[in-house]
Amino acid sequence: MDRKKKFIKFVTLESPDSWKLLYYPGRIILLLITIIPTVYALYLSLHYYNLGKLRDKKFIFLQNYIELFQDERFWNSLKVTLCFALISLAAELILGMLIALGLSKKIKLKGVAQTAILLPMIITPVVVALFWKMFYDPQFGNLSYFLSLLNLPVPDMLSYRNTALPAMIIVDIWEWTPYVALILLSGLQALPQEPYEAARVDGASRWQTFRYITFPLMRSAVNIAVIFRFMDLFKWMDTVYVMTGGGPGVSTETLSYYAYMNNFKFLDVGYASALCIVMLLIVMVICNTFGKKILLREPEGE
Amino acid sequence: MRRTTKKALAGLLLGSMAVGTVIPAYASEEKPYDGETIRVIMQAHTTTDSIQELLPQFEEMTGIDVELEVMPQEEMFDKTQIALAAGSSDYDVIMFDLMYTAQFADAGWIEELGPYVEKTGYDIDDFMPGYLNSLSYQGKLYGMPIYGESSMLMYNTEMFEQAGIEGAPKTKEEFDEAVAKLDAAGIPAIVYRGAKGHGMNVMPWTGMFLEMGGDWFDADGNLAVNSEAAVKAAEYYADLLKNHSVSGVESFNWDQCQLAIQQGKVAMCIDATNFASRLENPEKSTIVGKVGYSVIPDGMAIGWTVASGFAIPTEAQHKDAGWEFIQWALNKDSQLASCLNGDRCDPTRISVMNSDEFNEKYNYADGQWVATTIEALSTCPADYRPRIVEWLELGDGIATALSNVMQGDDAQAEFDKVQENFKDLKYPDYEMFNK
């Protein structure tokens with residue numbers, strides 16, 4: 001009887017031990033879908049493991065990593081990834097902040113504006129990439145059509161090394177600025193009103209209000225946006241796959257795309273795993289040092 | 001006591017089951033695979049559409065249920081490759097192209113088809129030997145060709161007239177002259193594949209590379225992709241596209257090349273023989289009846305032969321039923337029907353290519369097209385690109401190098417880099433093209 005009661009309390013989350021019920025299922029799922037695959041990837045990365053040549057599978061310890069660090073294409077993809085991530089991130093933050101500030105004011109048709117701005121984010125990334133690829137097409141694309149109406153030269157963005165990456169950064173900004181704006185907007189709406197009243201009483205200018213009140217108070221929202229976007233940008237792959245396939249040359253080849261090539265095209269699973277482990281380490285280091293430090297710091301309210 | 005009755009019962013049941021399975025098989029010898037379900041994966045293609053349309057006939061005839069999965073080419077290759085590598089039994093029949101033959105066969109992922117052909121007496125002599133060859137590895141047949149193509153020069157006769165060029169250029173000198181005349185007339189001269197990929201920019205370059213005296217491997221079987229011919233070919237390739245083509249050609253795949261000539265934006269195109277059916281389709285093309293067909297000019301490049309075929313994975317569950325499907329899908333009636341009902345002029349059977357119906361429908365430029373195609377097919381080698389296990393990786397290296405040359409990098413340096421990256425590749429058995 002007592003046992004039964006205890007059990008019911010346990011299941012209805014009334015017993016002090018009930019946390020186990022909530023904790024362990026999540027733990028097990030996490031173990032199955034994240035931790036075991038990661039450990040397996042680590043195991044694979046220490047082997048020569050090519051699906052096309054399974055006969056030659058063998059333990060080679062750090063050979064894959066050594067090769068990786070001597071691989072020009074790896075360093076190039078790291079450079080491309082960081083370049084893409086940092087530029088996109090900066091632009092998205094600035095634009096996102098402007099949009100969020102705009103939307104936080106009382107403006108006409110605010111609801112419509114909000115919905116319209118969110119649209120790019122809802123579209124599947126592959127569809128977005130296809131749409132932009134068509135848009136940039138020098139023969140049949142919209143961009144060349146409109147420019148030719150104005151008698152301007154038709155650019156061929158995706159065919160040249162210097163313009164391909166910028167063209168794709170524009171796509172990413174178009175697609176993901178709304179997401180940043182959304183996070184920042186929710187941050188803005190949660191701001192306390194008192195400091196603003198005090199500032200108005202003290203006769204602070206608009207810029208001063210933004211610089212000394214809004215900005216510091218917004219720091220945690222900005223950080224969330226930065227970390228989320230950075231992780232996404234760092235593993236950027238779908239747009240590359242659809243729009244350029246890493247070309248021209250390897251000028252738009254990101255880490256994820258290079259890993260994809262190694263794994264799915266060259267079937268070199270060991271090498272691709274090593275690359276992914278390195279990617280994981282980079283993201284972890286950046287998010288931990290950069291993210292934790294700032295996230296855990298109290299906002300400086302003077 | 002009980003136990004014995006149980007045993008007896010079991011024996012009886014088993015006996016009746018055995019009888020039960022024997023009877024239907026005996027009763028309908030025509031349908032030995034009745035009730036089996038096979039899964040087939042194919043690329044989106046006019047041939048596939050036609051097979052899909054005729055499928056109910058096959059299902060009724062044999063009692064085999066066919067689940068056909070259709071995907072775009074690249075995605076389909078990715079998916080089958082992974083399915084095969086993982087040893088999955090998902091598919092009973094897959095589709096692959098010649099560049100995967102070595103890899104799939106060497107890894108033991110697909111069945112050798114020789115025994116199947118022998119068992120059923122299938123008439124493979126009617127298939128074009130070049131195609132069968134391209135889907136064979138070390139003398140053994142691994143795939144049955146579904147469609148195949150060679151390459152040729154297609155030109156816009158109207159633009160040629162405007163520029164004052166008489167007839168198709170037959171040699172490299174004539175070709176360069178034609179390009180100069182088109183330049184003078186302000187007409188973009190030529191398009192071919194410029195996008196990065198082992199089946200994209202590598203295709204036209206390889207033709208020039210081999211024609212200019214290059215070979216993938218030297219006499220000792222060592223890789224030789226930084227030879228003088230390779231560099232010369234790359235420079236020639238890049239010059240034509242950069243200075244004598246339409247804008248954006250650097251990222252053209254074959255589809256965009258086809259569009260460019262089909263919409264009258266360029267005078268010449270060197271690409272697949274099967275472009276013709278779309279260039280001559282009045283619903284899609286603006287240059288119907290204004291296209292000339294000719295073999296690729298001598299001294300400029302050689303043409304390719306490629307083929308895609310059906311194979312049976314080693315891990316498949318219904319191999320015989322799968323073979324039944326392959327035989328039907330590629331028989332003369334099916335191929336002819338797909339050629340006559342759709343825009344599809346790349347059959348793999350000689351009898352179809354020679355049939356009156358086929359020649360009547362695809363009588364482009366007064367038979368010029370059929371004649372050129374047959375000539376191209378008989379001269380172009382299957383080992384245009386080396387069918388080796390490491391091809392995808394090597395092909396990607398060449399594609400990247402070419403793409404860089406197009407951006408203005410030094411060709412010698414780029415190809416030296418490829419050579420250095422793959423210096424361990426050794427194929428002493430490689431049959432040299434320029435002996």
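Trainee: Are H9(B) and H10(B) oblique to each other or roughly parallel, and why?

Mentor: The general idea is to take the angle between two helix axes and see into which range it falls. Angles under 35 degrees count as roughly parallel, over 145 as roughly antiparallel and 65 to 115 as roughly perpendicular, and the rest are oblique. In this predicted model, the axes of helix H9 (residues 202-211) and helix H10 (residues 228-243) of chain B cross at roughly 130 degrees and come within 8 Å. H9(B) and H10(B) are therefore oblique to each other.

Trainee: What is the hand of the crossing of H9(B) and H10(B), and which residues make the contact?

Mentor: The crossing of H9(B) and H10(B) is right-handed. From H9(B), the contact is made by B:Pro204, B:Trp205, B:Met208 and B:Phe209. H10(B) brings B:Ala229, B:Ala230, B:Ala233, B:Ala234, B:Tyr236 and B:Tyr237. Sorted by class, these residues are ten nonpolar, no polar and no charged.

Trainee: Let us turn to chain A. At what angle do H5 and H8 of chain A pack?

Mentor: Helix H5 (residues 110-122) and helix H8 (residues 161-189) of chain A pack at an angle of about 120 degrees, and their axes are 7 Å apart. Because of that angle, H5(A) is oblique to H8(A). H5(A) passes H8(A) in a left-handed crossing.

Trainee: Which residues of H5(A) and H8(A) meet?

Mentor: On the H5(A) side they are A:Ile117, A:Leu118, A:Pro120 and A:Met121. On the H8(A) side they are A:Trp174, A:Glu175, A:Trp176, A:Pro178, A:Tyr179, A:Ala181 and A:Leu182. This contact has ten nonpolar, no polar and one charged residues.

Trainee: How does H6(A) pack with H8(A)?

Mentor: The axes of helix H6 (residues 125-136) of chain A and H8(A) are 11 Å apart, at an angle of about 130 degrees. H6(A) is therefore oblique to H8(A), and the crossing is right-handed. A:Pro125, A:Val128, A:Ala129, A:Trp132 and A:Tyr136 of H6(A) make the contact with A:Ala167, A:Val171 and A:Glu175 of H8(A). By class, this contact has seven nonpolar, no polar and one charged residues. Note that A:Glu175 is listed in the contact with H5(A) and in the contact with H6(A).

Trainee: How many residues does each chain give to the contact between chain A and chain B?

Mentor: A general remark comes first. The size of an interface is often given as the accessible area lost when the parts come together. Here one may count residues instead: the contact takes 21 residues from chain A and 23 residues from chain B. Helix H13 (residues 255-265) of chain A gives the most to the chain A side, with three residues. That side divides into eleven nonpolar, six polar and four charged residues.

Trainee: Finally, what confidence does the predictor report for chain B and for the model?

Mentor: The mean pLDDT of chain B is 87, and 93% of its residues reach 70 or more. Over residues 1-28 of chain B, however, the pLDDT is below 50. Beyond near neighbours in sequence, that stretch has two contacts in the model. The model scores ipTM 0.79 and pTM 0.83.

Key: Residues numbered from 1 in each chain as written. Chains lettered and ligands numbered in written order. Predicted model: local features only at pLDDT ≥ 70, side-chain atom pairs only at ≥ 80, totals over all residues. Axes fitted to C-alpha atoms, helices over the stretch in contact; angles between N-to-C directions. Helix = DSSP H or I, 4+ residues; strand = E, 2+ residues; numbered from the N terminus. Left-handed = near helix turned anticlockwise from the far one by under 90°. Contact = placed C-beta atoms within 7 Å. Nonpolar A, V, L, I, M, F, W, Y, C, P; charged D, E, K, R; others polar. pLDDT = per-residue confidence, 0-100.
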